[in-house]
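Hello,

Please find the structure below, for you to take over. My notes on it follow.

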Amino acid sequence: TCGVDVQRDRLEMVFVGWGRDEVFILAQDVIYGDPMGDDVWAELDDALRTVWKHPKGGFLRVDATGIDAGDGVTMDRVLSFCRPRMSRRIYAVKGASGDRQAIKASDTRGARLFIVGVDGLKGQLINRLTRGRSVRFSDTLEGRFYEELASERLVVRYRKGAPIRQWERTPGRRAESLDSVIYAMAVRNLVNASVDRRAEEVQALTGAPKRRAVVHSRWLSGT
């Protein structure tokens, strides 16, 4: 899966792989350019069509993508990109705090916008990281990835005497990597795929895929 965070001058994306018990942070990349134009979206579309040969045989593709539509300025642009690509499971998403489902569809302006329950997903990610063995990282990731991944902390605030748990950004930190990972985690819930069956398929498929294989080593060089 892939999560894409939309900034005013670039798109930040993180590719995530899924095993039976492990999550693999495979790669992070940036597409620079104005998200109100066409160039960055054409490059993103190309990236999301990438096909990778698995070391054990067969091929892997991006099964689902979540693209940040939370910025009111770029929401229409994101929706217009995702609308004709929903058959490829490319979805416009918007994070929302509170006790929510990981991801839930919401009709907005004639296109489906998916609401992501970011608090619960951040909790799942932190639990995995705390265990220390269920998240694996590519050696191609830069230092800023980890700084951004650890950019928020869970704190307890009191409202009318009642304790409220909420995530807060560490002052001065950016969070593009964290947001992208959360979106990639969210859309995994929209992929009805058995990891065991996919493993068998990967080992069984030895011929070239019918679709054009576009291989970009800078996007996924980790395993």
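**Two loop residues with positive phi**

Lys 160 sits in the loop that joins strand E11 (152–159) to strand E12 (162–169). Its phi is near 55 degrees, a positive value in a residue that is not glycine. Lys 160 counts as exposed, because its relative accessibility is 92% and the cut-off for exposed is over 50%. Please keep in mind that this is a predicted model.

Arg 89 also has a positive phi, near 60 degrees, and is likewise a residue other than glycine. Arg 89 is in the loop between helix H2 (75–82) and strand E7 (90–96). With a relative accessibility of 31%, Arg 89 is classed as partly exposed, since that class lies between the buried limit of 20% and the exposed limit of 50%.

**Helices H1 and H2**

Two packed helices are described by the angle between their axes and the distance between the axes. For helix H1 (residues 39–48) and H2, the angle is about 40 degrees and the axes are 12 Å apart. H1 is therefore oblique to H2, as an angle under 35 degrees would be needed for roughly parallel and 65 to 115 for roughly perpendicular. The crossing of H1 past H2 is right-handed.

Which residues in H1 and H2 meet? From H1 they are Trp 41, Leu 44 and Asp 45, and from H2 they are Arg 77, Val 78 and Phe 81. Of the residues in this contact, four are nonpolar, two are charged and none is polar.

**Cysteines**

A disulfide is a covalent bond between the sulfur atoms of two cysteines. How many disulfides does the count come to? The count is zero, where a pair of cysteine sulfur atoms has to be within 2.5 Å to qualify. Cys 2 is buried, at a relative accessible area of 0%. Cys 82 is buried too, with a relative accessibility of 3%.

**A buried glutamate**

Glu 148 belongs to helix H4 (residues 143–149). Is Glu 148 buried or exposed? Glu 148 is buried, because its relative accessibility is 7% and the buried class covers values under 20%. Leaving out residues up to four places away in sequence, Glu 148 touches Gln 28 as well as Arg 174, Ala 175, Glu 176, Ser 177 and Leu 178.

Regards

Notes
Residues are numbered from 1 along each chain as its sequence is written. This is a predicted model: local features need pLDDT of at least 70, side-chain atom pairs count only at pLDDT 80 or more; totals for chains, interfaces and linings use all residues. Side-chain values use heavy atoms; hydrogens and water are left out. Helices (H or I, at least four residues) and strands (E, at least two) are DSSP runs, numbered from the N terminus. Buried means under 20% relative accessible area, exposed over 50%, partly exposed in between (1.4 Å probe, protein chains only). Axes are lines fitted to C-alpha atoms, for helices over the stretch in contact, and angles run from 0 to 180 degrees between N-to-C directions. Angles under 35 degrees count as roughly parallel, over 145 as roughly antiparallel, 65 to 115 as roughly perpendicular and the rest as oblique. A crossing is left-handed if the near helix is turned anticlockwise from the far one by less than a right angle, and right-handed if clockwise. Contact means heavy atoms within 4.5 Å. Ala, Val, Leu, Ile, Met, Phe, Trp, Tyr, Cys and Pro count as nonpolar, Asp, Glu, Lys and Arg as charged, and the others, Gly among them, as polar.
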